[in-house]
Amino acid sequence: MGFIVNEGFWAVRECLGKFTEILEPGFHSYIPYVYTTKSLESWGNAAHKKSYLIPKTEQYIHTLASRFQTKENLTINARSSIGWKILDPKKAAYSIDNLPKTISDLAQNLLRDQLGKIAFKELSSSRSEMSQKVHNELSGLIENWGVKLTRYEIQEITYSASIEKLIFKQMSRI
């Protein structure tokens, strides 16, 4: 029996449940029930194809808008975009259970930390600096999983209508 690993992908082969090799693109034969491919279904619908093919290409995740607190405890919503590439499929498949979700969650936690240090009035001017700080920290954390962070960007920061009214009120005093 056999299967094909498509161009631009890897597959992780196991023999009796133990890692044996990384499969490059091409036709591969196997003995059913003895040789299997590592299932990546826990990754959801990100960074894999057919639940076992790991892409060699750059992947992107767009985080959902989450609530954060600024330095003065004002609530804002922010979302970001994360670009990454798997360099070591074995580490990516075995070091962490749900790679895409874990990268997204780590990025959100690091952003929460950065936003908590910034005053509301400094948000727009500090956006690039915060993105760079999150990028640097996240990059160091995920490299142990065989992943290279290629991009991190805060895409959007929004706030409630009540905060907007407060801003206009303060601006009208000037």
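Contact here means heavy atoms within 4.5 Å. In this predicted model, S51 touches K38, S39, L40 and E41, leaving out residues up to four places away in sequence. S51 lies in the loop between strand 5 (35–37) and strand 6 (53–55). Its relative accessibility is 19%. Buried means under 20%, so S51 counts as buried.

The chain as a whole holds 4 helices and 10 strands. From the N terminus on, the elements run β-β-β-β-β-β-β-β-β-α-α-α-β-α. The radius of gyration is 21 Å, well over the 16 Å that the globule rule gives for 174 residues. The chain is therefore more spread out than a compact globule. Along its principal axes, the C-alpha trace spans about 75 × 25 × 25 Å. Of the 174 residues, 38% count as buried. Among contacts with a separation of 6 or more, 63% come from residues 24 or more positions apart.

At 35% relative accessibility, T36 counts as partly exposed. Its contacts, leaving aside neighbours within four places in sequence, are V12, R13 and E14. T36 and R13 are 23 residues apart along the chain, yet their C-alpha atoms are separated by 5.9 Å.

In soluble globular proteins, nonpolar side chains tend to be buried together. The largest nonpolar core of this chain has 36 residues, of which W84, I86, L99 and I103 touch the most other members. Helix 2 supplies the largest share, 6 residues. L99, in particular, touches W43, W84, I86, A92, W145 and V147, not counting residues up to four places away in sequence. A second, separate core has 7 residues, including F3, F9, L23 and Y52.

N98 caps its N-terminal end. A side-chain oxygen of N98 lies 3.3 Å from the backbone nitrogen of K101. The buried residues of helix 2 are L99, P100, I103, S104, A107, Q108, L110, L111, Q114 and L115. They lie on the same side of helix 2, because they cover an arc of only 170 degrees around the axis. An α-helix has 3.6 residues a turn, so residues three or four places apart point the same way. The buried residues of helix 2 pack against strand 7 (59–62), strand 8 (66–69), strand 9, helix 1, helix 3 and strand 10.

Beyond helix 2 comes I118, in the loop between helix 2 and helix 3. At 11% relative accessibility, I118 counts as buried. I118 touches T70, K71, E72, L123, S126 and M130, not counting residues up to four places away in sequence. S51 and I118 both lie in loops. They are 67 residues apart in sequence. In space, I118 and S51 are 41 Å apart, C-alpha to C-alpha.

Methods:
Residues are numbered from 1 along each chain as its sequence is written. This is a predicted model: local features need pLDDT of at least 70, side-chain atom pairs count only at pLDDT 80 or more; totals for chains, interfaces and linings use all residues. Side-chain values use heavy atoms; hydrogens and water are left out. Helices (H or I, at least four residues) and strands (E, at least two) are DSSP runs, numbered from the N terminus. Buried means under 20% relative accessible area, exposed over 50%, partly exposed in between (1.4 Å probe, protein chains only). A nonpolar core is a set of buried Ala, Val, Leu, Ile, Met, Phe, Trp, Tyr and Cys residues joined through side-chain atoms within 4.5 Å. The arc is that of the directions from the helix axis to the C-beta atoms. A polar contact is a pair of N or O atoms within 3.5 Å; within protein, one must be able to donate a hydrogen and the other to accept it, and residues adjacent in sequence count only if both atoms are side-chain atoms. The radius of gyration is taken over C-alpha atoms; the globule rule is 2.2 Å times the number of residues to the power 0.38.
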